[in-house]
Amino acid sequence: MEIAVMADIHGNYVAFERCMEYCRQRGIDTYIFLGDYAGEMAFPEKAMEMLFKIKEKYRCYFVRGNKEDYWKNYRDKGETGWKEYDSTTGSLYYTYYHLSQKSMDFSDKSMDWTIMKDFAVKYAFISLPYDVERVIRDLHEAGLDKYAPCWCQITEYLLRKGDVSHGRVLNRAMELCKEKVGDCIWPNIPEEYWCQAVKEMIG
C-alpha cells in the first residue's frame, strides 16, 4: 500500500494540484498532511478547498502546523500585531483575512493521527515540476507584493532559484536592525532593513 505524505503546502495550490495528479495516477487513496496548509502564497482558499475535497474522497490524516497556530493565536489576541504593507507580517495578514470561516474552523480542530508502529517502511521523496510562473503571477494579481513587499521578492526568488530562504533573509534583516538601533524584536523590523537584506542576499 502506498501512502502520500505532504507538508508545507503554504497555499501553493498549483504545486498541490500537480502532486495530487501524480498521486491519482498511482492510485494512492491514503494521505497524511503535516500542516501549514495556507500562508505565503496567493488565494489561500484555493488550496483549502482542494484539501476539503480530498478529505471527502480519501482516507486522510491531518497534523496542525505552526501556521495553523498562528491564525488561532492572532485571533485569540484580538487580531493585533500584524499589518498590511509590511514585509514582516504582511503575508500573514493577507492570508488570515482571505481564509473562510470553514478554513479557520478546520485550523482550530485538534488534528492528530495515530502513528503506526512496528512495520517496515520504504519511502521516496518525490520532486515534481509545476508552473512556477503561474504562482508568481498570482502573487502580483492578489497584491501580495504590496501586502509584504520584500517577503514577496524572496518568495519569487525562492520559487525560481530555491537557494535563499525567508528565514535567512529575516535573520539578516534583524542583524542589520540590531547593528543600527541596538535591539530588534520580531515583528518590529523596519522595512529599510528588509530592503537592505534583500539587496545583499538576492540582489
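Me: Helices (H or I, at least four residues) and strands (E, at least two) are DSSP runs, numbered from the N terminus. With that in hand, where is Glu-40 found?

Reply: Glu-40 is in the loop between β2 and α2. Keep in mind that this is a predicted model.

Me: Okay. What's the phi of Glu-40 like, positive or negative?

Reply: Positive, at about 85 degrees, even though Glu-40 is not a glycine. Most residues other than glycine have a negative phi.

Me: Is Glu-40 buried or exposed?

Reply: Buried: its relative accessible area is 12%, and the cut-off for buried is under 20%.

Me: Which loop holds Asp-36?

Reply: Asp-36 is in the loop between β2 and α2. Asp-36 has a positive phi too, about 60 degrees, and is not a glycine. With a relative accessibility of 5%, Asp-36 counts as buried.

Me: Let's go to β2 itself. Which way do its side chains point?

Reply: Strand β2 covers residues 30-33, with Thr-30 and Ile-32 pointing one way and Tyr-31 and Phe-33 the other.

Me: How many bridges join β1 to β2?

Reply: Three, and the two strands run parallel; β1 is residues 4-6. Ala-4 stands opposite Tyr-31 in β2.

Me: What else does Tyr-31 touch?

Reply: Leaving out residues up to four places away in sequence, Tyr-31 touches Ala-4, Met-6, Met-20, Cys-23, Arg-24, Ile-54, Tyr-58, Arg-59, Cys-60 and Tyr-61.

Me: Now the largest nonpolar core. Which residues touch the most other members?

Reply: Phe-16, Tyr-31, Phe-33 and Leu-51, out of 43 residues in that core. Helix α2 (residues 44-57) gives the largest share of this core, six residues. Another core lies apart from it, with 18 residues, among them Ala-148, Val-164, Cys-184 and Ala-197.

Me: Which residues line it?

Reply: The lining of the largest cavity is Gly-11, Asn-12, Tyr-13, Val-14, Met-41, Ala-42, Val-135, Asp-138 and Leu-139. Helices α1 (13-25) and α6 (132-141) each give at least two of the lining residues, and α6 has the largest share, with three.

Me: How do those lining residues divide by type?

Reply: Six are nonpolar, two are polar and one is charged.

Me: Last one: where is Pro-187 found?

Reply: Pro-187 sits in the loop between α9 (166-181) and α10 (191-202).

Key
Residues are numbered from 1 along each chain as its sequence is written. This is a predicted model: local features need pLDDT of at least 70, side-chain atom pairs count only at pLDDT 80 or more; totals for chains, interfaces and linings use all residues. Side-chain values use heavy atoms; hydrogens and water are left out. On a 1 Å grid over the protein atoms alone, a cavity is a set of points where a 1.4 Å probe fits but cannot get out, and a pocket is an open set with protein on both sides within 12 Å along at least five of seven lines; lining residues have an atom within 4 Å of a point. Ala, Val, Leu, Ile, Met, Phe, Trp, Tyr, Cys and Pro count as nonpolar, Asp, Glu, Lys and Arg as charged, and the others, Gly among them, as polar. A nonpolar core is a set of buried Ala, Val, Leu, Ile, Met, Phe, Trp, Tyr and Cys residues joined through side-chain atoms within 4.5 Å. Buried means under 20% relative accessible area, exposed over 50%, partly exposed in between (1.4 Å probe, protein chains only). Contact means heavy atoms within 4.5 Å. Two strands pair if DSSP finds at least two bridges between them.
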